[in-house]
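Please read the following walk through the model alongside the sequence and the structure.

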Amino acid sequence: MWHVLGEEELQKLKSQPGINWLAARTKGLALLTPESDKPTDAQTITLALDGIWCASCTLLIEHVVAQTPGVFAAKVDFSTSTAEIAYDRESVTKETLCESIAKLGYQAIPKEDASSMEQRADVILLRRFSVAALLSLLMMMLSVPIWTGYLPLLPSGVRIALTYSLWFLTTPVIFWSGWPFLRGAWSSLRHLVPTMDLLIAIGSLSAYFYSVINVLQKGQFVYFDTASLLVSFLLFSRTLEAQTKRKASRVVSLLGQLAPKEARVLLGDQPTLTEIANVRVGDFVRVEIGETFPVDGTVIAGHSSVDESMLTGESMWVDKQIKDTVYAGTKNLTGTLTVQATRIVDTLLNQTTHFVQSTEMNSLHYKRLADRILQIFVPLVILVATLTIVGSLWLAHLSLGIALLRGVAVLVIGCPCALSVATPLAVLGGVRRLHEYGILLRKHEAFEHAANIDTLILDKTGTVTLGSVTVKETVFVMEESLALKLALSAEFPSDHPISKAIVQYAVQMGLSPFPAKDFELVPGFGVRAKVLHYTVSVGADTSEVRSPLIEAKVEKWRNLGYSIAYLYIDGQPMGAFAFADAVRKEAYDAISRLKQAQVRVVIASGDHAQAVAAVAHAVGIEEWHANLRPTEKAELVAQLQSSGQHVAFLGDGVNDAPALIKADLGMAMGNGSDLAIQAGHFVLAKPDLRGIPDLFELGKKVMGTIRFNLGWAIIYNGIALIIAAFGFASPAIAALAMLLSSAFVLGNSLRVFGFSPQRYVAGGFAVVGTLAVLGVLSWFAL
């Protein structure tokens, strides 16, 4: 008799933080145990996979792995090339699972060991493409006599040497460079799942073996170049896709590195180093100066300044004392704190990580337009080729050789060469233009999103502003140069952003510090030191004595959103500093251009309302949001998207990663955090906001070119399939038509590079002139 976990219990288990659907299912199955037998030892494992080229590969792996004895469930994610498997450790081992996947032609190893496999796979794929491209280029040059029909006029020895040379050059392209396609086609046939690999393999092998037969029979036409070019173009496309997937998967790993793996838990009065997994809600955790908080919690003892920039994006330190909240991943700077843990698994950092992970997997499901078309086109071409052979034999009563020849022509002319290069060529043109704007492309589907953007959300610090605190104004009730030198001397040993700003301001005034003694960093206030015979302090407003001159200025600064620090000499307020983050000089012009293009511009920041309002007013933005946490920025993006808007987000910090990935288009400043750069579709290598309007305009141009290319390829293939099916195109004409179609796509993509009509005309004359010279040489048998 079996004990089965109830549906209500299972749903409750699945809703617990940190447990996904597969883990919940595994836990449920672990309880499906015979009352008299040993309980099933269920476990989940994540495997990294190499060789997944299309979504049908994931279905194939899931189907086969699920049939393995001892496996409860399998889930394969195409976007991350990973397989998550729930299995019984007593019935099957992880080595057995890897072997069963390897039999399908895919490599599988545990996710934690995947870095070396990914690097090796990238190198091998690049080598396959490089070999195919080089040999295809040589074959293009050797194939000129075949294209011109001059091959039969060549001496017998030369003709044999030429055709055998093409055979020799094509073989490694088909069977080594094209091995991933052949392997995928074989798996497709074994499990009756039609994939693009099957069409590529049929087309390339048909052209190859038909050419081999012609070489052996000393025929007039060979199509080795057709087969090799098809493999080269598709390897190029898949190299781009593999690199994009690798970069996307690094976002989550970067987030996971931010939080420590151990905590110093208090057992009585003695701290004990313990793994995070063993910490419980309510435990007391001690965090020393310079350490990172391992959990979210509440301060119960101590006083310190904390760097929360990884969450808020703001450079100002935050004072923490009893009853204040601290967050995992932030850094303790000036004092030892004792924290009572309130969240272990579902910390704010873990929520951010989970948000990035789930949204990244979903966003990668947006395939290129060509991929969506190829899903229908692949089985269609196979069907047309089959019907052509059958119709030629049974309806037209043609010989088997002619019927097969027509079938080969359909496969050759129907090979999706133009479809496969339509998008990459246009994207490469866009990348070249982006270089002129100082922008780098990180994800090749980004142009598709950039073309539709109607709302832009900007982070404030480090994006609209320069991200560094500067002194805006000062006021003193004593001699200014002496006041500044005393403040400079007291602040010089500190690395606080306020201290750095005062030091930089004083040095720019040509001042140098006095020797300072008894320096003290006071949490919640500022700094204190002995300078000459004065006790000098710089920090928050703590004095009960007020100077009317100073307070009048301070009130004005507060209304402007400035941060304030007071200068005290022997305990008396003698001056004040106003601090602000400098606005980028080009920000106003860039935002004006965006408004003219009917793009809605919004600021979303973790800073306080007055500072955000001041920056928004300075650059001409009416809509802004302040005091936002990382997931709240992402929620703002989702809110705008739910109203039908296409949203772009520009940020620079770790705190911007959820919004960057949730947005339809993520853009990161090149001087921002690694995580922000990894999460974005584009990176502004040159920190100039004027590149954004150019980017949106370029996105529309690239997508227009892609749609035109795809439209041409579809129309061409539709007409070409009909012509080839009815015998009006021999394999030679089919190969030439396919090459011309790809050349047309290439020429149209050149428009994205910004080539002028004069260059087109000059290029056209050069091509016509070259062909004319070759024609004359052929005519006179030279």
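Residues 357-368 have a pLDDT that stays under 50, where pLDDT is the predictor's confidence in each residue, from 0 to 100. For this stretch the model has 27 contacts beyond four places in sequence, a contact meaning heavy atoms within 4.5 Å. The pLDDT also stays under 50 over residues 1-40, for which there are 48 contacts beyond four places in sequence. The protein averages a pLDDT of 76, and 72% of the residues score at least 70.

This is a predicted model, in which local features need pLDDT of at least 70 and side-chain atom pairs count only at pLDDT 80 or more, while totals for chains, interfaces and linings use all residues. Residues are numbered from 1 along each chain as its sequence is written, and side-chain values use heavy atoms, with hydrogens and water left out.

Next come the aromatic side chains. Rings of Phe, Tyr and Trp (its six-membered ring) pair if their centres lie within 6.5 Å, and the count comes to 10 aromatic pairs. Phe175, Tyr208, Phe209 and Phe224 are linked by ring pairs into a cluster. The charged end of Arg128 sits over the ring of Trp176, 5.0 Å from the ring's centre; for this, NZ of Lys or CZ of Arg must be within 6 Å of the ring centre and within 35 degrees of the ring normal.

Helix α21 (residues 587-596) packs against helix α26 (residues 691-725) at an angle of about 30 degrees, with the axes 8 Å apart. Because angles under 35 degrees count as roughly parallel, α21 is roughly parallel to α26. On the α21 side the contact is made by Ala590, Arg593 and Leu594, and on the α26 side by Ile692, Pro693, Asp694 and Phe696.

Key: Rings of Phe, Tyr and Trp (its six-membered ring) pair if their centres lie within 6.5 Å; planes under 30 degrees apart count as stacked, over 60 as edge-to-face and the rest as tilted. Axes are lines fitted to C-alpha atoms, for helices over the stretch in contact, and angles run from 0 to 180 degrees between N-to-C directions. Helices (H or I, at least four residues) and strands (E, at least two) are DSSP runs, numbered from the N terminus. Angles under 35 degrees count as roughly parallel, over 145 as roughly antiparallel, 65 to 115 as roughly perpendicular and the rest as oblique.
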